[in-house]
Amino acid sequence: MRAILVALMVLSGPAVAQDWIVMNGEEIAEVLTDRSVTYDNGATQRFFSSGRTLYSHGEPSWGSWEVRGNDYCSLWPPSPTWDCYAVQSANPDGIVFLDGFGNRFEGRIEAE
């Protein structure tokens, strides 16, 4: 998958830099596992392969994450409810999480 994304980045150029592509579950897991995202608000989130996630914006907050079908899902204690999001990517490193209410959470996937 990464090879395909790199090839698309090289071949696509700036003309498609803003085109958002819906990701499937396998792609979501591959892109997020053991990676970090920096959001537009300055927050960062690390997605550990253990299923734990660390969101930092001021104080750190630990939660859990997993892929369900073609969605990214997270659980943030003390809530007992998992929230799920569709995920889209844009070359070269853009990512957006979309909730069921139309809210967008845009960020940038950090280099490994």
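**Notebook: aromatic rings and charges over them**

I looked up R104 and found it over the face of W20, 5.5 Å from the ring centre. I count a charge as over a ring if NZ of Lys or CZ of Arg is within 6 Å of the ring centre and within 35 degrees of the ring normal. I also found the charged end of R68 over the ring of W82, at 4.7 Å from its centre.

The model is predicted, with pLDDT of at least 70 needed for local features and 80 or more for side-chain atom pairs, while totals for chains, interfaces and linings use all residues. Residues are numbered from 1 along each chain as its sequence is written, and side-chain values use heavy atoms, without hydrogens and water.

Next I took the ring pairs. Rings of Phe, Tyr and Trp (its six-membered ring) pair if their centres lie within 6.5 Å; planes under 30 degrees apart are stacked, over 60 edge-to-face, the rest tilted. I get eleven aromatic pairs by this rule.

I checked Y39 and F97: the pair is tilted, with 6.1 Å between centres and 50 degrees between planes. Y39 lies in strand 2 (residues 35-39) and F97 in strand 8 (residues 94-98), so the pair ties together parts 58 residues apart in sequence. Strands here are DSSP runs of E, at least two residues, numbered from the N terminus. Both Y39 and F97 are buried, meaning under 20% relative accessible area with a 1.4 Å probe, protein chains only.

I then checked F47 and Y72: the centres are 5.7 Å apart and the planes at 85 degrees, so this pair is edge-to-face. F47 and Y72 are buried.

Last, I noted one aromatic cluster, formed by Y39, F47, Y55, W65, Y72, W76, Y85, F97 and F105.

Note on methods
Helix = DSSP H or I, 4+ residues; strand = E, 2+ residues; numbered from the N terminus. Buried < 20%, exposed > 50% of the residue type's maximum accessible area, 1.4 Å probe, protein only.
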